[in-house]
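Subject: Structure handover and findings

Dear colleague,

Here is the structure for you to take over. My notes on it follow below.

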Amino acid sequence: MSDIIYADALPSGKHWSFVLRKGIELTLVDLEGGVNCGMLLYNPLSMLERYNAPDTLKCQHTFKLTTGHCLYSDMGRIFCSIVDDTAGWHDTVCGNSTKAIVARKWGETSYQTHRNDWQQNGHDSFLVEAAKYGLGRRDLAANVNWFSKVAIDDGGRMIFDPSAARAGSRVVLRFEMDTLVLLHTCPHPLNPAAAYPRKPLGYELRQAPAVMPDDICLNSAPENARGFENNRLFHACCGH
Amino acid sequence: MQIKESALAPVTASFRKIVPAGDYFIGVVTKGSTIRIVDLEGNQAADTLFYSADDPSEHYSAMDTLREQGNVYITAGTQLLSDLCRPMLTVTADTVGRHDTLGGACATESNTVRYALDKKSMHACRDSFLLAIAENERFGLSKRDIAHNINFFMNVPVTPDGGLTFADGVSSPGKYVEMRADMNVVVLISNCPQLNNPCNAYNPTPIEVIVWNGSTPMEGA
């Protein structure tokens, strides 16, 4: 593993964003066990190109996200690949907590009263980060909820599994194109915890090793080989 | 799976239109009206989006709909929610049993990934969505608003270990889904032209849109 370029932690219930360059590796760390990290992805060259959960799931025949999967844009390109994952199951279907959900589950708070312990929600967090780049509510899409496992039973019912959370779980994302990353650390909307969960997220940035022919994401499905080819064409034409 | 028949007779409908595969439908259904979509020949996919007619920035949200009902399938009784978690429509009848909203719409670009790079010029649902909103600018919709849709009549089971399968259809000729509008909605349907997916036996077929009461939908094409 190459040297860390930058490492930081985001407290619970906060939001942040950055543009990551092609070839950067982002490691997310569940520092204490039980963090949820909401994430949305955009192409900085054309913000209309955004993370598409349905395309990601159907082209890899999966409901969960884990090692070997690629996160696709709606334009058939790969924003990033999951090159390693010790958690095993990440949700990308359940969306965000909202102001109403947080108030219903964990009570109302205000900045005036609670200062930085106010209980922020995922939806409004994305609105704030998106607006920094001229994006709005219409530009939001189904997000990833890193470190949150929601399984489905035979009847289609959603089952949030708190037992999947482990302190020290890591997921490593290799960015396959320049990508605007919006993220928050607000609780998963189905988290049954009695109190607003306060779990921090660690994150680290490194230079990723080159993609080799035996790469796990390139080879996990024939669809991904075609996705990587779409990225190659994109970069060939853009002069990256 | 839950089957619920409708008491409404098509002869009493205020609007009927057959939509061939590869075409789109766009129109307004007013609050309190009922819209039925009929799978005329079976195992078709009707890729459908909804917008608030009064504020089209508010759109159908697959994530909010599934999470709030706690189930990944759409069936009779499902309340279709917007991205503001407001009820848009309620499924009042369904003779299929369940419908997908995880698989999204086919697009020329995703077809390159799913099937082959040289499939990129084959007709796809997203092209129909984009043509529909381009030819009907009065709705104020753009590519930003092409959210994750419902695939009426499609069967996409999730397995307990986290897999997603595109199974044989559970629909058949004449089966339908019916919804009551809980607000004034713009209905946007792409009748799927997909030729590469066995879910429709490689044979896309027409659907019918039927509306009871309310105003006659505005025609897009």
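Which strand of chain B is among the elements that cover the buried residues of H1(B)? Strand S5 (79-81) of chain B is one of them. Before going further, please note that the model is predicted.

Helix H1 of chain B

The buried residues in H1(B) are B:Ala62, B:Met63, B:Asp64, B:Thr65, B:Leu66 and B:Arg67. With six of its eight residues buried, H1(B) is largely enclosed by the rest of the structure. Just after this helix, B:Gly70 has a positive phi of about 70°.

Confidence

For the complex, the predictor reports an ipTM of 0.96 and a pTM of 0.96. Chain B has a mean pLDDT of 94, with 96% of its residues at 70 or more.

Contact between the chains

On the chain B side, 32 residues are in contact with 39 residues of chain A. Helix H1 (62-69) and helix H2 (108-114) of chain B each contribute at least two residues to the side that touches chain A. Sorted by class, that side of chain B consists of 13 nonpolar, eleven polar and eight charged residues.

Nonpolar core

The largest nonpolar core contains 123 residues. Those with the most contacts inside it are A:Met39 and A:Leu41 from chain A, and B:Ile37, B:Phe50, B:Val185, B:Val187 and B:Leu188 from chain B. Nonpolar side chains tend to be buried together in soluble globular proteins. Setting aside neighbours within four places in sequence, B:Ile37 is in contact with B:Ala46, B:Phe152, B:Tyr176, B:Val177, B:Ile207 and B:Val209.

Strand S3 of chain A

S3(A) covers residues 24-30; six of its seven residues are buried, so the strand is largely enclosed by the rest of the structure. S3(A) is joined by seven bridges to strand S13 (residues 201-207) of chain A, and the two run antiparallel. Within that pairing, A:Glu25 has A:Arg206 as its bridge partner. S3(A) is also joined by six bridges to strand S11 (residues 169-175) of chain A, again antiparallel. There, A:Leu173 of S11(A) is the residue opposite A:Leu26.

Helix H4 of chain A

In H4(A), residues 122-131, the buried positions are A:Gly122, A:His123, A:Ser125, A:Phe126, A:Glu129 and A:Ala130. These residues lie on the same side of H4(A), because they cover an arc of only 160° around the axis. What do the buried residues of H4(A) pack against? Their partners are strand S2 (15-20), strand S4 (37-43) and strand S12 (179-184) of chain A.

Positive phi outside glycine

A:Arg115, which is not a glycine, has a positive phi near 50°. A:Arg115 sits in the loop between helix H3 (111-114) and H4 of chain A. Is A:Arg115 buried or exposed? A:Arg115 has 9 other C-beta atoms within 10 Å, so it is exposed.

B:Phe153 also has a positive phi in a residue other than glycine, near 80°. B:Phe153 belongs to the loop between strand S7 (150-152) and strand S8 (175-181) of chain B. With 28 other C-beta atoms within 10 Å, B:Phe153 is buried.

Regards

Definitions and conventions: Residues numbered from 1 in each chain as written. Chains lettered and ligands numbered in written order. Contact = placed C-beta atoms within 7 Å. Helix = DSSP H or I, 4+ residues; strand = E, 2+ residues; numbered from the N terminus. Nonpolar A, V, L, I, M, F, W, Y, C, P; charged D, E, K, R; others polar. pLDDT = per-residue confidence, 0-100. Buried ≥ 20, exposed ≤ 12 C-beta atoms within 10 Å, placed from the backbone. Arc of directions from axis to C-beta. Pairing = 2+ DSSP bridges. Core = buried A, V, L, I, M, F, W, Y, C linked by C-beta atoms within 7 Å.
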